[in-house]
Amino acid sequence: MSLARVETFALDGVEARHVWVEADIRRGLAAFNVVGLADKAVREARERVRAALVNSGFVFPQERITVNLAPAHLRKAGPGFDLPLAVALLAASDQLPPDAARGCAVLGELSLTGEVRAVRGVLAVAEGARRDRLERLLVPRSRAREAALVPELAVLGVEHLQEAVEVLRGDRAPAPLPECAPQELLDAPDEPDLSDVRGHNGLIPALEVAAAGGHNLFLHGPPGTGKTMLARRLPSLLPPLTAPEAIEVTRLHSIAGLHGGALVRRRPFRSPHHTISASGLVGGGGMPTPGEATLAHHGVLFLDELSEFARPALEALRQPLEDGRVTIARGQRVMVFPTRVTLVAASNPCPCGMGESTCRCSAADLARHRRRLSGPLLDRIDVSVTVGRPSGAALRSQAAPPSAIVRERIVAARERQTARLARHGLTCNAQLDARLLRELSGATADAHRALYALHDRNRLSARGHGRILRVARTLADLAGSDAVRPDHIHQAAALRLDDQALALAA
Ligand SMILES: Nc1ncnc2c1ncn2[C@@H]1O[C@H](COP(=O)(O)OP(=O)(O)OP(=O)(O)O)[C@@H](O)[C@H]1O
Ligand SMILES: [Mg+2]
């Protein structure tokens, strides 16, 4: 009769929560039970652990085994409990010294032959281990570099249960961290480039402002003019992730199983299909999982064919866009998912796409289109661009500059913003709240006067007022100016979604 405990972590939304795996072996009829709010994958761990132990040359105790996952109120999901469970059983059956795994969190899936397989969320677990003052973390080798992004934590990467036991016993030194694959260091090798776009050079300043300040962008115009093409080239213009942003994006993408094993360096670009549900967009479900807005955190959320998205999905996006996070309540618990995104939306002027003179749409189609477009999201648009039909001559002779050239200006403008905002934990002008905007806008008295004059003339809402000032701040940053002057205000106002664009959508 014996008892052993091993530490691990369960993913709860985008957090890792500490879990004890307690194994109790006592004489009696052979049985193997797992208790403690485990899902199906965790209950199935019994079969994998049994086979993995036997096939790795260990003894599977033919006695009464009870495994408890504590705390019992926390739901545990996924196969990552296999390895801690196997280690706890080995310790409880004297095949491993009782203190071999002391101060060491253990995480990994097992195959029937005892191989240790990759699991999701390793970075979140490593952060949890560090927070809870554990010294070591035993993980699948292919995820060791991900875990090692967290400082002051000894990462033990293993490929097999046998190896895990030898490393925990101290009979074998842990393998050095795997090398970074060369393609991971390359900066976006096959990303589409702005220079593919022809006849739209007049639109580039607007794209530049949106990319530099992280402002929401709306592209509208007839079919086949390059709206989708331009949106897909936006990532090539964005400044690289800062170090803390990169860690945050890596944690979220690892939890979602999108990416694992290395640091994400590129800003996310998510382009969900218009059939997506509200919970697919902002997160949800019984065991809440992050939605597209969270997967696009610190990057771009692209809604192509905006008017085709279901109204409830667009409604659900309103508050997350404003707050930079979404809060999901489940029973007693509340989860917070980050959603700091640049929204990029594209739409045709009407369902048939022909616009004004040649439009064949019915009145009902048009009404529906307009309802969707002019509704919740367009009020959050800072930069609106009409993508017209370029002339034949422009199409033939006018090519946009390469992304790398345009990006230089954008990166310089973003660096000015980050220098000003870093002590507030922000990186770009789009993230400024009303109070900070007042404090840090740098608008001259004349610029304020110009803004209020616009206010009176255009009946701007208070939100519109702030949005113009943020974009004006970015225009000043692009021009290398500390002060926001009246011309910046006027340019920013011109970039806003105007009545003409809304009429186009009518
Ligand atoms: N300005 C352009 N320069 C170069 N190629 C273009 C341009 N506009 C369109 N194209 C070509 O046409 C294709 C379709 O363009 P795109 O998908 O961007 O149109 P769109 O405006 O999104 O149309 P829709 O409203 O039907 O979605 C592109 O893949 C590209 O090959
Ligand atoms: Mg398109």
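Why is helix α3 largely enclosed by the rest of the structure? Keep that in mind while we look. One caution: this is a predicted model.

Helix α3 covers residues 122-131. Seven of its 10 residues are buried, so the rest of the structure largely encloses this helix. Buried here means under 20% relative accessible area. The buried ones are V122, L123, A124, V125, A126, G128 and A129.

What do these buried residues pack against? Four strands come up: β1 (2-12), β2 (15-26), β5 (104-106) and β8 (136-140). Two helices come up as well, α4 (144-147) and α9 (243-255). Then look just past the end of α3. There, R133 takes a positive phi of about 60°.

Next, the ligand. Ligand 1 has 14 residues around it. Which of them come nearest? They are R198, G224, K227, T228 and N348.

Now some polar contacts. R198 uses a backbone N or O atom, which lies 2.8 Å from a nitrogen atom of ligand 1. G226 also brings a polar backbone atom, 3.1 Å from an oxygen atom of the ligand. T228 works through its side chain: an N or O atom there is 2.7 Å from an oxygen atom of ligand 1. How much of the ligand does the protein cover? On its own, ligand 1 has 640 Å² of accessible area, and the protein covers 65% of that.

On to a sheet. Strands of a sheet pair through backbone hydrogen bonds, either parallel or antiparallel.

Let's zoom in on one pair. Strand β12 is residues 300-303, and strand β15 is residues 342-347. Four bridges join them in the parallel sense. Find L303, and you will see A345 of β15 standing opposite.

Last stop: S441. Where does it sit? S441 lies in the loop between α16 (434-440) and α17 (445-458). Leaving out residues up to four places away in sequence, S441 touches L436, L469, R473 and V484.

Back to the opening question. Helix α3 is largely enclosed because seven of its 10 residues are buried.

Technical notes
Residues numbered from 1 in each chain as written. Chains lettered and ligands numbered in written order. Predicted model: local features only at pLDDT ≥ 70, side-chain atom pairs only at ≥ 80, totals over all residues. Heavy atoms only, no water. Buried < 20%, exposed > 50% of the residue type's maximum accessible area, 1.4 Å probe, protein only. Contact = heavy atoms within 4.5 Å. Near = heavy atom within 4 Å. Polar contact = N/O pair within 3.5 Å; in protein donor to acceptor, adjacent residues only side chain to side chain. Areas by Shrake-Rupley, 256 points an atom, 1.4 Å probe, with all protein chains shown as cover. Pairing = 2+ DSSP bridges.
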